Amino acid sequence: MKKMKLVVVGNGMAGIRTVEELLALAPDLYDITVFGSEPHPNYNRILLSPVLAGEQEFDNIVLNPRSWYEENGITLHTGRTITRIDRARRRVIADDGGEAEYDRLLLATGSTPFMLPVPGKDLRGVIAYRDIADTQAMMDAASAKKHAVVIGGGLLGLEAANGLKLRGMTVSVVHLGDWLLDRQLDATAGGLLRRSLEERGLSFLLGRQTEEIVGNAEGEACAVRFKGGEEVPAQLVVMAVGIRPNTALAESAGLYCNRGIVVSDVLQTFDPRIYAVGECVSHRGVAYGLVAPLFEQAKVCANHLARLGIGQYQGSVLSTKLKVTGIDLFSAGDFMGGEGCEDIVLSDPAGGVYKKLVIKDDQLVGACLYGDTLDAAWYFKLLREGRKINDLRDTLMFGESAIGDVGVAGQSRAAAMQDSDEVCGCNGVCKGTIVKAIKDQGLFTVDDVKKHTKAASSCGSCTGLVEQILMNTLGSSFQETPKTKAVCGCTDHTHGEIRKAIREQHLTTHLAVYRFLEWRTPNGCATCRPAVNYYLLSTWPKEAVDDPQSRFVNERVHANIQKDGTFSVIPQMKGGVTNPSELRRIADVADKYAVPMVKVTGGQRIDLLGVKKEDLVNVWKDLGMNSGHAYGKSIRTVKTCVGSEFCRFGTQNSTQMGIDLETMLANMWSPHKVKLAVSGCPRNCAEAGIKDVGVIAVDSGWELYVGGNGGIKTEVAQFLAKVKTSDEVKEYSGAFLQLYREEAYYLDRTVHYIARVGLDYIKRQIVDDAANRKALYERLLYALEGLPDPWAARIAGAQKQEYIPIKLIPAGEPA
Amino acid sequence: MNAPATQQWLRVCAVNEIPLLGSRLVECPSGNIAVFRTAEDNVFALLDRCPHKAGPLSQGIVHGETVTCPLHSWNIDLKSGEAKAPDVGCARRYPVEVRDGDVFLALASA
């Protein structure tokens, strides 16, 4: 089939990012031609400020060298501006008369700096700050001239002023507003910023309105005059008062524009053959000027150009960082507050720290940080997720590290870390390696970093830290992990969407799911298949059929794989209680199969390590015990203390309670592993405070706690309810676990699930609504009823081949 | 794939004795070999050692024409034995054929 022709007008970050995304999805669909007005290949416009400040070189900010265009078969025309679109004949016409045909056209014409319409704006020495040519002009001016005036105290203006100052000029910043960055900061933070920039030698003229740029006889700028007659010397005037979407081309072609080329949620203009992305578009009435939204647009647009037709762009929540080395500020959302909002403010002007959090309806809706931005990523996450923060409110101001967490998760001080400090403990990746990869390979997302460095790709506990490093390295071009993330590369659907489809469409097989949700791969991958398998089984118990090939090896063979390919065997030992006969059998098995290590586990059981796969079935048979499920996303163990039977402090029979719970939950699959504990008194010897369900006996009954976790990131369980009888313990715990099984996303522990839906929601479902609690409990018992012990099933012959290797001996070999 | 003269073809098992989207472990004097079966009934054979840390590929999840190592989730292409980017490495391939529903593997003669 003849390839279709795609013409891209605009060789900048938005256009080329779209092309990159498109090539990843459909490398052979189009012949691609790119036109760019600038004489350069695609470069990282965001890094112009570091170049101006002398911290980066032009050569290092190129994102796609010319060789990239060649390798991907893209025809690149630099230094050629498209001046006309002939929509009827589907051609674009360049300023040199050249033409190109298109089947699809992508407009990524970016924006133009807005020049104040004052007398003298066309004098030599008056420039905008937009591209490499402007940056070069500023650098040239800095070496020859003395006085610079920057008009506009926004992000770009301040970065330009800082760079010119570092290059030795005397710089004044003129700003119409009452404080600097008045669209990104409130007055207090703006004041702190001003003070710190003044300490660096910049001077500020606030509340001034520029009336004229005064020129000399040679037609060069020499001063700026304000309303009221005041004048300051200026041989270089940088206009940084704002940008305007560049819509001239689109308008001349009759495309509907309204402060930007108007596009739909799939980035299509009013002409269905023409798409537009980047700073030139107006989406739902908003034109974006930062890079993160452009990348989101690029992803959606590429998907539609690739004819996959999945995904919508629904607008972006923005955050701001200033790329001036040594000044930390961050803002996001509605940081000014106002009616119906509450502010939490920490102000330490002498220490140069100011933080303001704006809360509305129990949600974080805005943040403005100055001087200490280490928790910016966390606040931004809370803001985007719209999560209820009432449970965090007391410590919200003190950041993620203050929320009762002694683990290593994310709150470490990314900015303060040395390059040689380890970030990812699992894969041994240092900060320096990550920063280098981000810069050299042009990475923008946590997923990119995971792929290229392996950091955060194993246990994931350093994801927050990696996110911070990305933020610190990239500034405002940081692209946060989208809150609605696709499960894997096989689909654009999220966990929530997949669960919903399985439930509402009554899907009961893998194939039905892949078909209905239009998977890109024929049979999924190692990431999505186990998730889909779990969703099918938990949504349609006794109806959906388990697919062993969609399970990780441990769950398929019912033992835990070790680094040398042998397995560990942990028999069930309810409540940690055993007897001489079991212990004898365990000892005999260890002898008979020469088990290299016998170890007591943290869950009060006995682990036989180093068992060969082909011995597993016989080991189970000789043990004569049930599976302890110590290998699955399933019920693990119920840890208990001695309780009132023996302990002089015990208030209830915690041991029996634990045994009863473990009996009830036997063979239960879940989104992730589930651990319980029952303590006989508040001394809590069974460590119930860090379990998914922790039960603590008191004299008058039992206290139930949920969402604890002793793993990667230690989390203390939260109080759910107090009940009187052991039957109630079973009903409440069972109902909570069933809710988790029905609603959590695969690989979310209970703590993650509760963080997503809120403890209030759990309490409403379990504690307040007795009928719902009973229904949940019934559904759990129904799902578990009749499930066979997996070891017994395999002793009886199930999946026999799995455990038997085939032996092949070529002729001539000794047998 | 033709076996060199020093190799001999040996019958392993029937195709349907390998689970769909699964594998069987074949023990040979020269080392363990993993024999995989895809959804389309294509059969591939690789040395049962991940190029990363020697994980048993035969225990991995098979999807498309790829197996994911059970130890650290490297993705190995069944056809070429090569690790998928950004990982780098290669697992040894063995000639394998299906004849009349039986799987044959070419092994070096002694």
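Entry 1, extent of the interface. I worked from a predicted model. I counted 34 residues of chain A in contact with 34 residues of chain B. I then looked up the leading contributors on chain A: A:Q549, A:I806 and A:L808 supply 27% of the area that chain A buries against chain B, more than any other three residues.

I found 2 salt bridges across the interface of chain A and chain B. I noted the one between A:K454 and B:D87, where the closest N and O atoms are 2.9 Å apart. Among the elements giving two or more residues to the chain A side are α11 (446-453), α15 (528-539) and β37 (806-807). I sorted the residues of that side into 14 nonpolar, 9 polar and 11 charged.

Entry 3, strand pairing between chains. I saw that β37(A) runs parallel to β2 (residues 22-28) of chain B, joined by 2 bridges. In this pairing A:K807 stands opposite B:E27.

I traced an open, antiparallel sheet of 3 strands in the order β5-β6-β7. β5 (61-63) and β7 (75-77) of chain B each have a single partner strand, so one side of each lacks a neighbour in the sheet. I read an average twist of 25 degrees from one strand to the next. I also noted 3 bridges between β5(B) and β6 (residues 66-68) of chain B, with B:I61 opposite B:T68.

Note on methods
Residues numbered from 1 in each chain as written. Chains lettered and ligands numbered in written order. Predicted model: local features only at pLDDT ≥ 70, side-chain atom pairs only at ≥ 80, totals over all residues. Heavy atoms only, no water. Pairing = 2+ DSSP bridges. Helix = DSSP H or I, 4+ residues; strand = E, 2+ residues; numbered from the N terminus. Axes fitted to C-alpha atoms, helices over the stretch in contact; angles between N-to-C directions. Contact = heavy atoms within 4.5 Å. Buried area = accessible area lost by both parts, 1.4 Å probe. Salt bridge = Lys/Arg side-chain N within 4 Å of Asp/Glu carboxyl O. Nonpolar A, V, L, I, M, F, W, Y, C, P; charged D, E, K, R; others polar.
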